[in-house]
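Hello,

Here is the structure I promised to pass on. Please open it alongside this note, which walks through what turned up.

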Amino acid sequence: MGAPRLAFPWVAALWALLLASLGSAAGQPLGAEPMCTAQPLARYSITFTGKWSQASFPKQYPLFRPPAQWSSLLGAAHSSDYSLWRKDQYVSNGLREFAERGEAWALMREMEAAGERLQSVHGVFSAPAVPSGTGQTSGELEAHSRHSLVSFVVRIVPSPDWFVGVDSLDLCDSGRWREQVAVDLYPYDAGTDSGFTFSSPNFATVPQDTVTEITASSPSHPANSFYYPRLKALPPIARVTLVRLRQSPRAFVPPALDLGAGGNEIVDSLPAPETPLDCEVSLWSSWGLCAGPCGRLGAKSRTRYVRVRPANHGAPCPPLEEEAPCDPDNCL
């Protein structure tokens, strides 16, 4: 039996429009927004700049075993079907290993599997580690019109499970590849370890929590390494810049995944902002014995000690000892 004849021309036109829409949607990744209409491929350089200095982040700044530094950068160019990480969502097992221990292979396998199974990842890219808190590292990546989103992560070292990164940054804008993009980066907690400080021992979060942004007041605990209650917002701890590269006649060869440390330390030409750090002292000790001559008032004292010394014009330390009059316990 042949296809049914449509009695009215407007019905035929509507049917043709429906088929065309379905065909167009079938060519896009599931759940995708309208596909980028720029030329199919674009190459970018990606430069990560660490701004984690002792002047900007003086509280508990790691100076040794290990000193402040950054892990290798690991990311992917992908479609909207894929998510490397997302605020308020749970991280994968691969990202957990990367955020806690800097082990990248499980995360790389997850990204490659997403590319093979769902065709949602166009390519994986990386950049070498930075051996200090301030420095640069760089690499290259290739984006496709159907995979114009870029995500990456860099682990903060040392830390319980803290990282910086970008989630689904679109390199295509209004049908054109963006020539240059720069984004300030702030710390995130992967939600898998409950440590408060850079050097906290492993203390698994059970049950696992979602990804949360670390701010100057959250977590609201004085022991937290990023707790600066005088600040409205933390200064950026890093910055990433992507610059479109001119197309060359040669085919693009993805850069080798170099996950080791390299000589990438570069002093930033701009002075780092100085974050004031107030003095923090302990609670008072118990009062000591009351001493003094018989028939007269004696004196007793108590002490406290400095927990965090002030820096960058922060509030100075209050007195560490005080006395009070008392009746002598054993007069002389």
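A disulfide here is a pair of cysteine sulfur atoms within 2.5 Å. In general terms, a disulfide is a covalent bond between the sulfur atoms of two cysteines. More on those below.

First, the ground rules. This is a predicted model, so local features need pLDDT of at least 70, side-chain atom pairs count only at pLDDT 80 or more, and totals for chains, interfaces and linings use all residues. Residues are numbered from 1 along each chain as its sequence is written, and side-chain values use heavy atoms, with hydrogens and water left out.

**Overall picture**

The chain has three helices and 16 strands. Both are DSSP runs numbered from the N terminus: helices are H or I with at least four residues, strands are E with at least two. Of the 332 residues, 40% are buried. Buried means under 20% relative accessible area, exposed over 50%, and partly exposed in between (1.4 Å probe, protein chains only). Now take the contacts with a separation of 6 or more: 74% of them are between residues 24 or more positions apart. A contact means heavy atoms within 4.5 Å.

**Cores**

The largest nonpolar core has 42 residues. Such a core is a set of buried Ala, Val, Leu, Ile, Met, Phe, Trp, Tyr and Cys residues joined through side-chain atoms within 4.5 Å. Phe48, Trp52, Trp70, Phe152, Leu171 and Ile237 touch the most other members. Several strands each supply at least two residues of this core, including strand 1 (41-51), strand 2 (69-78), strand 5 (149-157) and strand 12 (238-245). Another core, of 20 residues, lies apart from it; Val91, Phe98, Ala99 and Val211 are among its members.

**Disulfides**

How many disulfides are there by this rule? The count is three.

Cysteine 36 is joined to cysteine 172, S to S 2.0 Å. This pair links distant parts of the chain, 136 residues apart. Cysteine 36 sits in the loop between helix 1 (9-26) and strand 1, cysteine 172 in strand 7 (residues 172-173). The link is right-handed, with 75° about the S-S bond. Cysteine 36 is buried at 8% relative accessible area, and cysteine 172 is buried at 12%.

Cysteine 279 pairs with cysteine 317, their sulfur atoms also given as 2.0 Å apart. Cysteine 279 lies in the loop between strand 12 and strand 13 (280-281), and cysteine 317 in the loop between strand 15 (306-308) and strand 16 (321-326), so the pair ties together parts 38 residues apart in sequence. Cysteine 279 is buried at 13%; cysteine 317 is partly exposed at 29%.

Cysteine 290 and cysteine 326 form a disulfide with sulfur atoms 1.7 Å apart. The link is right-handed, with 95° about the S-S bond. Cysteine 290 is in the loop between strand 13 and strand 14 (298-303) and cysteine 326 is in strand 16, so parts 36 residues apart in sequence are tied together. Cysteine 290 is buried at 7%, as is cysteine 326 at 10%.

**Helix 3**

Helix 3 (residues 105-118) has 14 residues.

Best wishes

How values were computed
Expected span 1.5 Å × (residues − 1).
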